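Reader: I've got this model open on my screen and would like a quick tour. Could you walk me through it?

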Amino acid sequence: MRRLFARLICAVLLAGPVSAQAQVTSQDTLAYTTASVRLREKPFANARALAALPKGAAVRLYTCSQGWCSVAVSQLPGYLLEEFLTAQAPQAATSQGRGYINSQGERVRSPTRTADGKPPAGATAHCRDGTFSFSRTRQGTCSHHGGVAEWLRE
């Protein structure tokens, strides 16, 4: 019963803003990051970063106090800002296929191979390994595919 009560308190507190005096205690409550965050060694913004966690990462939540929560990720203890945690599990992302984020912060499809060897819509380069790239800049295009064999459009 005590454990269930602690879970309910955490869920309610993580659902909205919490006063700096609030103290939450739990042994096994899961929370999820709402953004890419750094797990800190101590509850201070300038404390040593232990790990970088992606948005939606599951963390074991222990206590929250004065805006910081004591958590563990894969048995690595640390602290995260409470404002970047939620009790809601992330929704499954809609599959956009493989890709990467380029230097301008844009999502770009990974190079792909076509059955007929013709460039797919939006392709910008033909790589030496036979794949087609969708890169938006010339730097690094086809870097893991043998380099650029042919540019398809300027």
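Reader: By class, what residues make up the lining of the largest pocket?

Author: Nonpolar here covers Ala, Val, Leu, Ile, Met, Phe, Trp, Tyr, Cys and Pro, charged covers Asp, Glu, Lys and Arg, and the others, Gly among them, go down as polar. A pocket is an open set of points on a 1 Å grid over the protein atoms alone, where a 1.4 Å probe fits, with protein on both sides within 12 Å along at least five of seven lines; lining residues have an atom within 4 Å of a point. Sorted that way, the lining has 4 nonpolar, 11 polar and 2 charged residues.

Reader: And what is the volume of that largest pocket?

Author: Volume is the space filled by probe spheres set on the grid points, which are joined across faces, edges and corners. Of the 17 lining residues, Tyr100, Ser135, Gly140, Thr141 and Ser143 are the closest to the pocket's centre. The volume comes to about 260 Å³.

Reader: Before I go on, where is confidence lowest in the protein chain?

Author: This is a predicted model, so local features need pLDDT of at least 70 and side-chain atom pairs count only at pLDDT 80 or more, while totals for chains, interfaces and linings use all residues. Residues are numbered from 1 along each chain as its sequence is written, and side-chain values use heavy atoms, with hydrogens and water left out. pLDDT, the predictor's confidence in each residue from 0 to 100, averages 80 over the protein chain, and 77% of the residues score at least 70. Strand β6 (residues 76-81) is highest at 96, and the lowest mean, 40, belongs to helix α1 (residues 2-15).

Reader: How many helices and strands does the protein chain have?

Author: Both are DSSP runs numbered from the N terminus: helices are H or I, at least four residues, and strands are E, at least two. Along the sequence, the pattern reads α-β-β-β-β-β-β-β-β-β-β-β-β. That comes to 1 helix and 12 strands.

Reader: What is the strand order in the open sheet of 3 strands?

Author: Strands pair if DSSP finds at least two bridges between them. β10 (residues 125-127) is joined to β12 by 3 bridges, running antiparallel, and alanine 125 stands opposite tryptophan 151 in β12. Pairing in the sheet is antiparallel, and the order is β11-β10-β12. β11 (132-133) and β12 (148-151) each pair on one side only, making the edge strands β11 and β12.

Reader: Is serine 70 buried or exposed?

Author: Serine 70 is in strand β5 (residues 68-73). Beyond four places in sequence, it contacts Arg60, Leu61, Tyr62, Thr63, Gly78 and Tyr79. The cut-offs are under 20% relative accessible area for buried, over 50% for exposed and partly exposed in between (1.4 Å probe, protein chains only). Because its relative accessible area is 18%, serine 70 counts as buried.

Reader: What is the phi of glutamine 75?

Author: Most residues other than glycine have a negative phi. Glutamine 75 lies in the loop between β5 and β6 and is exposed, with a relative accessible area of 79%. Its phi is positive, near 70°.

Key
Contact = heavy atoms within 4.5 Å.
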